[in-house]
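Please keep the sequence and the model in view while reading.

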Amino acid sequence: MPAPTLYYFPMSPPARAVLLLMKELELPMNLKEVNPLAGETRTEEFMRMNPEHTIPTLDDNGFYLGESRAILSYLIDAYRPGHTLYPNIPKEKALINRVLHHDLGSFYPKFFGTIGALFSGAATEISDEMKTTTQKALTDLEHYLTRNDYFAGENLTIADLSLVPTIASAVHCGLDLTNYPRLNAWYESCRVLKGFEDDQEAARQVGEYLRSKFPTGLEALN
Ligand SMILES: N[C@@H](CCC(=O)N[C@@H](CS)C(=O)NCC(=O)O)C(=O)O
């Protein structure tokens, strides 16, 4: 059967999480770049695959899947079942899912939802409220790392892969992670990921893009 196709955009944090997994496991995959900023996720053809018009979108031989975290767990279950990045052990899986749900339902919307307004031009300054919301989101992550070095235990899992691109983007936009020592130590340990350096390049582009619109970047969050 042909390898699955991933629709992605290089700067997109959720798409980059899937790229990190693909590189880590050396999964054969066709990559197709789609630019949401140019409306390419809103074509009829794309929306037949994913009516929510988001990347990443996976096409596994006619099985279409959106939502990066669902794609991460599907790829392991389908292509590397039981891998340590998402082990087939109910309690370990539950702890990973917990972080993925926290990321989707709390961290990403609080953090990226807030700073996203700077990228779109909807916000032209970092308000006290934006500062409080993003700092709370980062402190919540810091608390996750109180007992473990990684987000769901003592090993890297897809929970970490889901978070790396957002944090890397924030760092390249000017966030000083040393204010969050556990998160900073975690970020440093993620450098072992095979796709980490490529992800840094994407994060650098996100930083440049933000500074083109908002020259001081995220420095006011520190
Ligand atoms: N929760 C989704 C978020 C996906 C998402 O919002 N992707 C953005 C790019 S970062 C996108 O495709 N936006 C285009 C659009 O909404 O039309 C995931 O994790 O996959």
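Is Asp-199 buried or exposed? Asp-199 is buried, with a relative accessible area of 4%; buried means under 20% relative accessible area, exposed over 50%, and partly exposed in between (1.4 Å probe, protein chains only).

## Basis of the values

This is a predicted model, in which local features need pLDDT of at least 70 and side-chain atom pairs count only at pLDDT 80 or more, while totals for chains, interfaces and linings use all residues. Residues are numbered from 1 along each chain as its sequence is written, and side-chain values use heavy atoms, with hydrogens and water left out.

## Salt bridges

The whole structure contains 11 salt bridges, a salt bridge being a side-chain nitrogen of Lys or Arg within 4 Å of a carboxyl oxygen of Asp or Glu. One of them joins the side chains of Arg-16 and Asp-199, at 2.7 Å from N to O. This pair links distant parts of the chain, with Arg-16 in helix 1 and Asp-199 in helix 8 (residues 196-213), 183 residues apart. Helices (H or I, at least four residues) and strands (E, at least two) are DSSP runs, numbered from the N terminus. Arg-16 is buried at 1% relative accessibility, and Asp-199 is buried at 4%.

Lys-194 and Glu-26 also meet in a salt bridge, at 3.5 Å from N to O. The two are 168 residues apart: Lys-194 is in the loop between helix 7 (181-189) and helix 8, and Glu-26 is in the loop between helix 1 and strand 2 (30-33). Both Lys-194 and Glu-26 are exposed. Another salt bridge pairs Arg-48 with Glu-44, whose closest N and O atoms are 3.9 Å apart. Arg-48 and Glu-44 are 4 residues apart in helix 2 (residues 44-49), so about one helical turn separates them. Arg-48 is exposed at 62% relative accessible area, and Glu-44 is exposed at 65%.

## A buried glutamate without a salt bridge

Glu-24 sits in helix 1 (residues 13-25). Glu-24 is buried yet has no salt bridge; the nearest side chain of opposite charge is that of Lys-194, 5.1 Å away. For charge, Lys and Arg count as positive and Asp and Glu as negative, while His and the chain ends are not counted.

A polar atom of the Glu-24 side chain does lie 2.9 Å from the backbone nitrogen of Lys-194. Apart from neighbours within four places in sequence, Glu-24 is in contact (heavy atoms within 4.5 Å) with Leu-85, Leu-193 and Lys-194.

## Thr-114 in helix 4

Thr-114 lies in helix 4 (residues 90-120) and counts as buried at 14% relative accessibility. A polar atom of the Thr-114 side chain is 2.5 Å from the backbone oxygen of Lys-110. With neighbours within four places in sequence left aside, Thr-114 is in contact with Pro-109, Met-130, Thr-133 and Thr-134.

## Cysteines

How many disulfides does the structure hold? The structure holds 0 disulfides, a disulfide being a pair of cysteine sulfur atoms within 2.5 Å. The closest cysteine sulfur to that of Cys-173 is in Cys-190, 18 Å away, which is too far for a bond. Cys-173 is buried at 1% relative accessible area, and Cys-190 is buried at 0%.

## Annotated spans

UniProt, in an unreviewed entry, lists "domain: GST N-terminal" at residues 2-83. Residues 2-83 are 38% helix and 20% strand, with the end C-alpha atoms 22 Å apart.

The unreviewed entry places "domain: GST C-terminal" at residues 89-209. That span is 71% helix and 0% strand, and its end C-alpha atoms lie 41 Å apart.

## Backbone geometry

Most residues other than glycine have a negative phi, and most peptide bonds are trans. Ile-55 and Pro-56 are joined by a cis peptide bond, with omega about 5 degrees. Pro-56 is in the loop between helix 2 and strand 3 (57-60).

Glu-26 has a positive phi, near 50 degrees, and counts as exposed at 56% relative accessibility. Glu-67 also has a positive phi, of about 75 degrees. Glu-67 lies in the loop between strand 4 (63-66) and helix 3 (68-79) and is partly exposed at 34% relative accessibility.

Conventions:
Polar contact = N/O pair within 3.5 Å; in protein donor to acceptor, adjacent residues only side chain to side chain. UniProt positions renumbered as here; feature names shortened; annotations may be inferred.
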